[in-house]
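Hi,

Here is the structure I promised to pass on. Have a look at it first, and then read my notes below.

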Amino acid sequence: MMELFSLKGKTAIVTGACGLLGKHHCYALAEAGAKVIAADVDEVASKKVVQELGEGHMGVGLDVSSDLSVMEAKESILERYGKIDVLVNNAAINDMFENPNAALELSKFENYPISLWKKSLDVNVTGVFLCSQIFGKVMAEAKQGSIINIASTYGVTAPDQKLYQNEKGEQTFYKSASYPTTKGAVISFTRFLAAYWGDKGVRVNALSPGGVENGQQEFFKSNYAGRTPLGRMAQPTDYKGAIVFLASDASNYMTGGNLVVDGGWTII
Ligand SMILES: NC(=O)c1ccc[n+]([C@@H]2O[C@H](COP(=O)([O-])OP(=O)(O)OC[C@H]3O[C@@H](n4cnc5c(N)ncnc54)[C@H](O)[C@@H]3O)[C@@H](O)[C@H]2O)c1
């Protein structure tokens with residue numbers, strides 16, 4: 001039975017490999033036996049992640065929103081490993097405001113900057129498209145592979161803006177339209193590609209994680225936990241099993257799905 005989950009002899013690319021979750025996706029895939037290619041716009045950090053993984057893995061600098069950059073990465077990956085078995089489209093950007101004091105006003109839908117909207121579409125949607133096209137073509141030609149697109153609970157349900165209200169009931173921030181829009185697109189794109197490449201043996205699934213604890217303010221963590229059936233935010237390690245499941249033969253008959261791992265967030 002456990003053989004089904006083995007990734008021995010497989011190569012797996014993780015984009016956005018140096019972030020909070022990307023690192024754990026890399027650890028999970030390596031622990032299951034894969035050779036991991038940690039790909040991130042931060043090349044130096046990608047090499048560090050690889051050092052933590054041990055021998056046989058590879059760090060590459062890669063901007064998912066640039067076709068040239070993805071093509072270059074593909075060449076160096078194929079030169080070293082000769083094949084691609086798994087692609088985790090994990091890189092994404094979330095709302096960030098240079099000046100935190102301006103965040104409340106700028107995060108309102110009425111004021112949200114078009115530049116941030118375009119940047120989110122570029123990285124979160126076009127990035128998934130480009131990596132799937134360029135790396136996935138190698139899989140389709142080999143008639144095998146698994147693509148995992150990291151979406152979000154916010155691609156399934158609308159953001160609950162009450163989460164961002166502090167103990168005094170003051171709204172501190174609004175989750176913008178761009179993040180849920182891009183994550184909804186990722187789920188839709190997943191269905192498109194799963195249907196398109198079904199006959200090529202390339203499986204394409206989405207994984208929708210819930211919110212991960214990462215030094216947020218106490219009021220936010222408490223609001224989040226209170227609205228979640230399992231009563232807590234996720235830990236970054238909570239998705240390791242789901243990643244290996246989707247990457248491996250354990251999910252052999254699954255394509256076009258959206259595996260929601262969210263402590264029950266989306267059921268209420
Ligand atoms: N953290 C959460 O609570 C949470 C919840 C649900 C879904 N997700 C999703 O999980 C994924 C990972 O989230 P995270 O919290 O680890 O994010 P993060 O911000 O910690 O990491 C993102 C990584 O992507 C890299 N990156 C950004 N732009 C890039 C580009 N153009 N090309 C290549 N790499 C780029 C960054 O350098 C960074 O290492 C994202 O798709 C995110 O939307 C996260």
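Let me start with helix α6, where the buried residues are S178, Y179, P180, T182, K183, V186, I187, F189, T190, L193, A194 and W197. Buried here means under 20% relative accessible area, exposed means over 50%, and partly exposed is in between (1.4 Å probe, protein chains only). Helices (H or I, at least four residues) and strands (E, at least two) are DSSP runs, numbered from the N terminus.

Before going on, some housekeeping: this is a predicted model, in which local features need pLDDT of at least 70 and side-chain atom pairs count only at pLDDT 80 or more, while totals for chains, interfaces and linings use all residues. Residues are numbered from 1 along each chain as its sequence is written, and side-chain values use heavy atoms, with hydrogens and water left out.

Back to α6. This helix covers residues 178-197, which is 20 residues, and spans 28 Å from its first C-alpha to its last. That is close to the expected 28 Å, where the expected span is 1.5 Å times one less than the number of residues. What lies over its buried residues? The cover includes α5 (114-142), β5 (145-150), β6 (202-209) and β7 (258-261).

Now the strands. All 8 of the 8 residues in β6 are buried. V202, V204, A206 and S208 point one way from β6, R203, N205, L207 and P209 point the other way, and both sets are buried. β6 runs parallel to β5, joined to it by 6 bridges; two strands count as paired if DSSP finds at least two bridges between them. In that pairing, I147 sits opposite V204 of β6. There is a parallel pair in β1 and β2 too, with 5 bridges, and there V14 stands opposite A38 in β2. Strand β2 (residues 35-40) is mostly covered, with 5 of its 6 residues buried.

L20 is in the loop between β1 (11-15) and α1 (22-31), and is partly exposed at a relative accessible area of 37%. Which residues does L20 touch, leaving aside its neighbours within four places in sequence? Its contacts are V212, N214 and P236, contact being heavy atoms within 4.5 Å.

Q165 is in the loop between β5 and α6 and is partly exposed too, with a relative accessible area of 26%. Q165 and N223 are 58 residues apart in sequence, yet 8.4 Å apart in space, C-alpha to C-alpha. Setting aside neighbours within four places in sequence, Q165 is in contact with E170, Q171, F219 and N223.

K143 lies in the loop between α5 and β5. Its phi is positive, about 60 degrees, although K143 is not a glycine. Most residues other than glycine have a negative phi. Is K143 buried or exposed? K143 counts as exposed because its relative accessible area is 52%.

On to charged pairs. Side chains of opposite charge can pair when their charged atoms come close. The structure holds 10 salt bridges, a salt bridge being a side-chain nitrogen of Lys or Arg within 4 Å of a carboxyl oxygen of Asp or Glu. Here are some of them:

- E75 and K74 meet at 3.7 Å, N to O. E75 is partly exposed at 45% relative accessible area, whereas K74 is buried at 15%.
- K83 and D85 meet at 2.9 Å, N to O. K83 is partly exposed at 32% relative accessibility, and D85 is buried with a relative accessible area of 4%.
- D238 and R232 have their closest N and O atoms 2.9 Å apart. D238 is partly exposed at 31% relative accessibility, and R232 is partly exposed at 41%.

E213, E218 and K221 are also linked, in a network of salt bridges.

With M1 and M2, L4 makes a nonpolar surface patch of about 370 Å². Such patches are made of residues with over 30% relative accessible area and no salt bridge, with nonpolar side chains (Val, Leu, Ile, Met, Phe, Trp, Tyr) joined within 5 Å and like charges within 9 Å. Accessible areas come from the Shrake-Rupley method with a 1.4 Å probe, and for residues only the protein chains shown count as cover.

Cheers
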